[in-house]
Amino acid sequence: MLLNYLKIALRNLQRNITYSFINIFGLSIGIACSILIMLWIADEYQFDRFHEKQENLYKVMMNQTFSGQRGSQIALPYPLKEALPEHSTKIKHTVITNWGEGFLLTVDENKITKVGLAVSEDFLKMFTFPLIQGDVNTALNDQNSIVLTESVAKALFGDEDPLNKFVKLDNNRELKVTGVMKNFPDQTSFSNYHYLIPFAYYESIMQWVRNSRDNWQNNSFQMYVELEPGSTQEEVTASIRDIVLKNTPDTLPNPEVFLHPITDLRLYSKFENGKVVGGMIEYVKLFGAIAIFVLIIACINFMNLATARSEKRAREVGIRKSIGSRKKELVFQFLGESLLITAFAFLVAVVLVELSLPMYNTLVNKKLLIDYNNPYLWAGAGILILITGTLAGSYPAFYLSSFQPVKVLKGKIQTGKYASLPRKILVTLQFGFSIFLIIGTIVIYQQIMHVKDREIGYDRENLMMVWTNGELETNYQTIKNELLGTGAVKSVTKSNSPITSIFSNNIVEWPGMAPGTRVVFSTIATEYDYVKTMGMKLLEGRDFSPEFASDSSAVIINQAAVEMMQLEEPIGATLSMNGGELTIIGVIENVIMSSPYEPVSPMMAAFIPDWTSTITIRLEKTADLPGSISKVEDVFKRLNPTYPFAYRFADVEFEKKFSSINLISNLAKVFAALALTITALGLFGLAAFTAEQRSKEVSIRKVLGATVTGLVLLISKDFSRLVIIAFVFFAPLAWWFLSGFLEQYPYRINIAWWVFPLAGLSALIVSLIIVSTQALRAATSNPVNSLRNE
């Protein structure tokens, strides 16, 4: 019997090539979209979930109150590292790390500059980063050791065995290679690093780290803990919560230490008022919903076409029932056909996914692939086929199997005035989903452009940034003079962070500030020509200048700082940082250095030329940018020959701030277009069937004098009405959802009213074009061909 059902299904597919193609191809696109989205979602969920001890690994964080707001931070004081296990016996291991730092690695003539991470000795015992060579228990015990990733070891040593050989780090001492590890996977928060060095070595070469060993107020380090098996996050947090509070003289920020699961670092990274409120998980849920919507749209196509063509199979149902077939057997047959079509569609979808993966990976900046050896993949594929096939085939199966044999064998299969109502509802849902996605795509694009068009407070064009090193610090003034003498450079300065980032925040005080409060200012340590080089707009006062010896205790603040301090005459006013008094000499416009979606925080630029990490170079405007870069490179190679020349441009770094929302926008565009394509494909099949079904009516009207235009409008108006109904219901729903989505951005757009009619009109035009082509074909056909059998 199963073989018989299979033969019938294949014959039906062959007999109705056009509708079979629409069903299979429409389902294929829907399934392919769902697979692509699920690959992305699975990749996001895999972040830091491969560690063998993942359930017991946590990042240490701290809540503090500044400027009246409770904030959560990952920057912690050095002495907390030793205090954590002292306050809780449930903590098995504690690791302290820096924020990553780029060093020059040298082996003979091979030189590369890579970013590595300084970690304490238990790092490889806690995290599952397998060593190809070496022992995880001892690799970081020696202060003068280094663990290389496989790619860095290959670059430095070629095919030689690197173990126990030496690597020179910058111009400091040589470190022995005690381990070679596999490259950090993309699905980890450590993916940007290329080697590990002992934190003890890092401390030995960094004076500021040594000075921080007993300083509870210098929050400059990251920490991780591994809990003993069976311990809970809540009980350990209760033991360590007040460690910093008890050891700091300044209790007003009310610091509270807490633990955040390592597996949640990617998806749950957004905190408000000291509580986790979301993060990347919001986008994961959003696109999970889109995957379901697109698949439902594809299933609706199948339902509509199957029920619309019920006349073609009515006699088959009548004959089968008359010779003894029961309803459940017919339901089983039709569901089987649906599952067969879904299985075909799944195979086509896999081919489509494989073909589109290279472009898709470029779009999402990942290395996604289908792992055919994964048993969970095949289980998921079976479940997807079963759910999709059942969802798509359930309604047609019960609808077709409900026909009464006496009526259908007599040719009386009209089921009443409302027979087409379910199909109309399903088509309305299809267009509703499509309109929803179109509106979402437009709004997200507007939000991106709104933020990109925001005044950023400096000129990011032709602004080159170079990381400093020991020799650059020593030769800075010479390099600056040489650069200015090339004719390609307009000005040069240096600072503790690039213009696109904030690396330091400090508590400040000023005369007259409200008692009992603590305020933090973003802090830029810099030297002469900072405002000039960055292209900032100076509203009052002046830039740092060698003409004023007093600039060693001077500071430039932004508008947000002036408003925070409530200064009417800011020039000459004073504030204090770390016990030192600073005089305000200038006020600049607010500058966007961190998130472009957030309000600009109070910022101060202090004259501290010894605390810097970045040299910033303002190039002269020229049509020959490569020529200017070459001149700059010649200076660095001549005066800093030990280090390879590496640079970044501010406009490129600024654009990276939009990577997440650009991803969301691009994905929304792609899947909105595909959803509309699937809807259009189904509408084409339904319109073709409608035109065929009403061919005799059209012929009679044409014989009686109806015009082609009138006939086209007659057939088109029913579908147009469905699009309008979809718009009426789904446009308000889209407004409600997108208003909530935009709430996460303090700097956001107000959704324009014209977005909604534009989306509705787009869907209406697409439907009219598709339906009109089929209606026009019916209206222009020879009426004799349709009426000759009457």
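I begin with Q566, which is exposed at 71% relative accessibility. By the cut-offs used here, exposed means over 50% relative accessible area, buried means under 20%, and partly exposed lies in between, with a 1.4 Å probe and protein chains only. Q566 sits in the loop between α19 (559-565) and β22 (574-577). Helices (H or I, at least four residues) and strands (E, at least two) are DSSP runs, numbered from the N terminus.

Before I continue, a word on the source: this is a predicted model, in which local features need pLDDT of at least 70, side-chain atom pairs count only at pLDDT 80 or more, and totals for chains, interfaces and linings use all residues. Residues are numbered from 1 along each chain as its sequence is written, and side-chain values use heavy atoms, with hydrogens and water left out.

To return to Q566, its phi is near 55 degrees, a positive value in a residue other than glycine. Most residues other than glycine have a negative phi. D48 also has a positive phi, of about 55 degrees, although D48 is not a glycine. D48 is placed in the loop between α2 (17-45) and β1, and D48 is buried, with a relative accessible area of 2%.

A salt bridge requires a side-chain nitrogen of Lys or Arg within 4 Å of a carboxyl oxygen of Asp or Glu. K59 does have polar contacts between side chains: one of 2.7 Å with Q222 and one of 2.8 Å with Y224. A polar contact is a pair of N or O atoms within 3.5 Å; within protein, one must be able to donate a hydrogen and the other to accept it, and residues adjacent in sequence count only if both atoms are side-chain atoms.

How many salt bridges does a search of the whole structure find? The search finds 21. One of them joins R618 to D459, with the closest N and O atoms 3.5 Å apart. R618 lies in strand β25 (residues 614-619) and D459 in the loop between α15 (421-452) and β16 (463-467), so this pair ties together parts that are 159 residues apart in sequence. R618 is buried at 5%, whereas D459 is partly exposed at 28%. R213 and E203 form another salt bridge, with a closest N to O distance of 3.1 Å. D43, E44, R266 and K366 are linked in a network of salt bridges.

I close with helix α20 (residues 625-639). Its 15 residues reach 22 Å from first C-alpha to last, close to the 21 Å expected at 1.5 Å a residue; that expected span is 1.5 Å times one less than the number of residues. Within α20, S628, I629, V632, V635 and F636 are buried. They lie on the same side of α20 because they cover an arc of only 120 degrees around the axis, the arc being that of the directions from the helix axis to the C-beta atoms. At the start of α20, a side-chain oxygen of D624 comes within 3.1 Å of the backbone nitrogen of G627.
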